[in-house]
Amino acid sequence: MKHTEHPMGTRPVLPLLVSMSLPAITSMLIQSLYNVVDSIFVARVSNDALTAVSLAYPLQNMVLAVAVGFGVGANAYIARNLGEGNQRNVDRAASMGMVFTTIHAVIFLLIGLLGSDPFLGMFTNDPEILRMSSSYTRIVICLSFGSLYHIYIEKLFQAVGNMFVPMILQGVGAIVNIVLDPILIFGLLGLPALGVTGAAVATVAGQMTACSLAVLYFFRTNPGIHITFPDMRPDRSIAKRIYAVGVPSGLMTAMPSLLVGILNALLVELHALAVAAFGLYFKLQTFVYMPANGLIQGMRPLISYNYGAGRQDRMRHIIRWSLILTAVIMAAGTLLSWLLPTQIMGLFDADRALIAVGVPMLRITSLGFLVSTLGTVLAGCFEALGKGLRSLAVSCIRQLIIIPPLALVFSRFWGLNGVWATFPVAETLAALVAVLLYFRLMKQLCQREEESSSPETENT
């Protein structure tokens with residue numbers, strides 16, 4: 001199939017963007033179950049067991065950050081070369097990606113074996129919690145290769161415009177996890193009760209099931225990308241371009257955990273329930289940002305492909321519709337936060353004291369939702385075009401550079417509300433920077449297009 005005949009280059013933009021995004025949104029919702037299901041069942045064992053599982057979250061998030069970051073880098077590079085019709089680079093990049101994913105898996109194996117206990121020891125002195133947490137962490141980190149390979153193959157499918165298969169694979173893995181959790185944790189069907197260890201085994205089993213099916217389906221169906229042993233030989237140029245997007249993208253995935261840790265240290269001094277309220281905020285804001293991020297997952301390969309195919313007019317059309325659809329999602333989130341804040345907090349069985357803290361938090365922070373459309377979509381656009389550092393810059397402004405120092409200053413004048421006010425301020429500044437970087441990038445791309453099509457260039 002010639003690249004000009006591919007649906008990503010010919011199908012009407014709006015229905016194409018929607019069809020690419022809906023499976024990605026569903027897939028992200030399913031993926032979040034891995035982080036929630038264990039906690040739901042483990043909480044029934046004991047509070048100590050729940051604490052033990054929670055302590056593993058930063059290392060689990062690190063695995064996710066590496067897997068998603070590298071996958072996004074490979075996705076952007078492969079989709080762009082598909083648009084250019086460069087099948088050779090597509091196959092080499094996909095094959096090399098398997099080697100680098102293997103290297104990542106070995107690194108996490110060593111981290112799980114050698115780094116789990118020292119890391120967990122920084123957060124608890126309770127020997128029983130440390131024992132349970134160490135057992136859980138070693139299993140999910142040492143055996144994280146299932147998640148790493150699965151997410152990488154998922155990004156290969158997305159690079160050719162197939163968003164449906166990743167959704168199904170995520171669903172199967174999540175179902176396996178959900179079914180095995182109570183069986184292994186509580187010892188059902190005649191099996192021994194493994195407690196926290198059972199939760200870890202269930203998680204890994206779900207990931208490995210999804211991984212096995214992903215690999216099997218990929219090699220059985222041949223989606224237009226070929227992975228071969230000769231092409232696995234590393235190429236510095238290709239690796240550099242993949243990691244140029246992958247490293248910033250991975251750092252962006254890890255950023256929320258760092259922000260939570262920094263702000264919690266400030267919030268705990270301001271109000272007894274501030275940390276709990278902030279924890280609820282991060283759960284609630286995922287219901288707004290998750291569909292937006294799913295839409296961006298559908299957008300990325302479309303931009304990469306059409307940029308590679310030289311269709312900058314179509315690329316801008318895709319960006320325009322992505323901004324419109326994301327703005328609708330963000331506006332809905334803002335309206336709900338202002339009109340129904342008490343009812344939203346009630347979904348988490350919040351008492352009056354927590355609601356008193358949470359209602360102004362939701363209303364103030366939600367003021368940044370709509371303006372964050374620009375920073376969120378344009379950061380995804382930069383990744384699709386291979387400009388990972390621009391994307392990282394926008395995300396750093398949104399989550400790290402502005403919020404912590406400004407929260408420290410604002411809290412002295414306005415208390416908790418001052419902390420919440422830093423979120424819309426940071427989103428506004430990030431949006432301004434994103435727009436500036438975007439127009440500068442578009443100007444550069446136009447200049448290159450004019451130079452490549454000039455008579456002097458054609459004669460040479």
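Reply: What follows starts at the nonpolar core and then moves to other places along the chain.

This is a predicted model. Keep that in mind throughout.

Start with the core. The largest nonpolar core has 92 residues. Within this core, Ile78, Leu156 and Ile303 touch the most other members. Helix 11, residues 274-308, gives the core its largest share, with 15 residues. In soluble globular proteins, nonpolar side chains tend to be buried together.

Now zoom in on Leu156. Which residues does Leu156 contact, leaving aside its neighbours within four places in sequence? They are Ile78, Ala94, Phe218, Ile225 and Ile227. Ile78 is also on the list of residues that touch the most other core members.

Move along to Val160. This residue sits in the loop between helix 7 (145-159) and helix 8. Is Val160 buried or exposed? Its relative accessible area is 12%, so Val160 is buried. Leave aside the neighbours within four places in sequence, and Val160 is in contact with His6, Met8, Leu82, Pro223 and Ile225. Ile225 is a contact of Leu156 and of Val160. Val160 also shows how the fold brings separate stretches of chain into view. Val160 and Tyr305 are 145 residues apart in sequence, and their C-alpha atoms are 8.8 Å apart.

Ile178 is in helix 8. At 34% relative accessibility, Ile178 is partly exposed. Ile178 and Leu273 are 95 residues apart along the chain, and their C-alpha atoms are separated by 31 Å.

Next, look at charge. Side chains of opposite charge can pair when their charged atoms come close. How many salt bridges does a search of the whole structure find? The search finds seven. Three of them follow.

Take Asp231 and Arg88. They form a salt bridge, with 2.5 Å between the closest N and O atoms. This pair links distant parts of the chain, 143 residues apart. Asp231 is in the loop between helix 9 (196-221) and helix 10 (236-270), while Arg88 is in helix 5 (residues 87-121). The relative accessibility of Asp231 is 10%, so Asp231 counts as buried.

Next come Arg398 and Glu427. Their side chains meet in a salt bridge of 2.9 Å, N to O. Arg398 lies in helix 16 (residues 388-401) and Glu427 in helix 17 (residues 403-453), so this pair ties together parts that are 29 residues apart in sequence. Arg398 counts as buried at 13% relative accessibility. Glu427 counts as buried too, at 9%.

Arg311 is partly exposed, at 33% relative accessible area. Asp313 counts as exposed, at 51%.

Turn to helix 15, residues 372-384. This helix has 13 residues. From first C-alpha to last, helix 15 reaches 18 Å, close to the 18 Å expected at 1.5 Å a residue. How many of its residues are buried? The count is 12 of 13, and helix 15 is mostly covered. The buried residues include Ser372, Thr373, Leu378, Phe382 and Glu383. Cys381 is buried too. After helix 15 comes Gly386, whose phi is positive, near 80°.

A positive phi also turns up at Leu189. Its phi is about 55°, although Leu189 is not a glycine. Leu189 is placed in the loop between helix 8 (164-186) and helix 9. Its relative accessibility is 75%, so Leu189 counts as exposed.

Finish with the cysteines. How many disulfides does the structure hold? The number is zero. Cys211 is in no disulfide, and the nearest cysteine sulfur, that of Cys142, is 17 Å away. Cys211 counts as buried, at 10% relative accessibility. Cys396 is in no disulfide either, and the nearest cysteine sulfur belongs to Cys381, 18 Å away. With a relative accessible area of 19%, Cys396 is buried.

Terms used
Residues numbered from 1 in each chain as written. Predicted model: local features only at pLDDT ≥ 70, side-chain atom pairs only at ≥ 80, totals over all residues. Heavy atoms only, no water. Core = buried A, V, L, I, M, F, W, Y, C linked by side-chain atoms within 4.5 Å. Buried < 20%, exposed > 50% of the residue type's maximum accessible area, 1.4 Å probe, protein only. Helix = DSSP H or I, 4+ residues; strand = E, 2+ residues; numbered from the N terminus. Contact = heavy atoms within 4.5 Å. Salt bridge = Lys/Arg side-chain N within 4 Å of Asp/Glu carboxyl O. Expected span 1.5 Å × (residues − 1). Disulfide = S-S within 2.5 Å.
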